[in-house]
Amino acid sequence: MTALTEEFRKNGFVIVRGFFDKEVLAAIYREAREIFAVQIKRILGREVDIDDRLSFDKAMYELFEKDFEAFVNTGKTVQHSLKLHRLGTEPFIIEKLQELGLSKPVIGVRPAMQFNSRYLSRNGSKHWKLDPHQDWRSGQGSIDSVVIWFPLVPAGRELGSIQVMPGSHFKGLLKADTSGYQGGIQEELNVDDFVQTELEVGDAVFFSTLLVHRSGHNVTELIRWSVQFRYNNLDDPTFIERAYPMAYIYKPEEELITPGFPTLESIARVFGEN
């Protein structure tokens with residue numbers, strides 16, 4: 001057993017500095033902004049410099065306010081980035097998961113890119129700043145399932161980087177409010193036990209899905225861009241005995257999202273006249 005594995009088992013998390021190639025993360029971050037920039041131009045009627053971080057993030061806020069549906073749909077689209085999905089299956093990630101005890105890793109849910117700011121919140125929604133919770137409740141996979149969380153921009157206290165509670169994975173699954181997707185913990189916790197993470201681009205937090213953690217408070221005008229990957233262990237006996245449960249349900253809309261589309265004219269523009 002390596003020192004890293006011992007630390008992970010004891011605390012329920014480890015921070016691996018410089019784990020990811022910064023250029024790979026920069027390409028993922030750029031692609032996401034490029035996708036949003038298309039809708040920003042269409043809806044706000046202006047070009048936006050994706051390399052001017054503050055101006056771009058403010059344009060994101062404006063898009064959010066002017067066309068919420070477009071913002072949500074674009075946010076869903078960036079989750080399907082080829083670069084993002086490719087990264088999640090890289091051999092060096094699998095090797096690190098195996099070092100931490102996942103002898104046969106399998107993807108628990110599709111990758112999630114998050115963009116958190118108080119300016120991207122509606123009707124009191126706390127999705128931008130999650131209360132203490134355990135990710136196992138939403139995934140319900142193997143007991144030793146692991147989350148890899150990493151920022152696409154430098155993330156510390158001011159930007160609301162995640163806060164973790166060392167050793168809390170030994171508490172088991174705590175009582176939670178399951179009305180929301182995060183399942184906020186309803187049991188009393190000692191807030192002084194939370195540890196604030198300070199991460200540079202390339203750093204990654206590996207943590208047990210049973211670890212209690214929460215969002216920090218982003219007090220800046222900037223968006224906290226981050227990604228998380230989740231993995232189960234196919235060799236976990238309890239996962240096998242429960243027939244590999246899958247808590248995430250993906251299904252298509254029952255009705256056409258855009259009524260009357262595609263038209264014959266739009267098809268002809270793509271494929272040419274028949």
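## Burial of Phe 36

Phe 36 counts as buried because its relative accessibility is 0%, where buried means under 20% relative accessible area, computed with a 1.4 Å probe on protein chains only. The model is predicted: local features need pLDDT of at least 70, side-chain atom pairs count only at pLDDT 80 or more, and totals for chains, interfaces and linings use all residues. Residues are numbered from 1 along each chain as its sequence is written, and side-chain values use heavy atoms, with hydrogens and water left out.

## Aromatic pairs

Across the whole structure, 17 aromatic pairs are found. Rings of Phe, Tyr and Trp (its six-membered ring) pair if their centres lie within 6.5 Å; planes under 30 degrees apart count as stacked, over 60 as edge-to-face and the rest as tilted.

With ring centres 5.3 Å apart and planes at 40°, Phe 36 and Phe 71 form a tilted pair. Phe 36 belongs to helix α2 (residues 22-44) and Phe 71 to helix α4 (residues 68-78), so this pair ties together parts that are 35 residues apart in sequence. Helices are DSSP runs of H or I with at least four residues, strands are runs of E with at least two, and both are numbered from the N terminus. Phe 71 is buried, as is Phe 36.

The rings of Phe 36 and Phe 115 have centres 5.3 Å apart and planes at 85°, so they are edge-to-face. This pair links helix α2 with strand β2 (residues 105-116), 79 residues apart. Phe 115 is buried, at 14% relative accessibility.

## Ring cluster

Phe 19, Phe 20, Phe 92, Phe 150, Phe 206, Phe 229 and Tyr 231 are linked into a cluster by ring pairs.

Methods:
Buried < 20%, exposed > 50% of the residue type's maximum accessible area, 1.4 Å probe, protein only.
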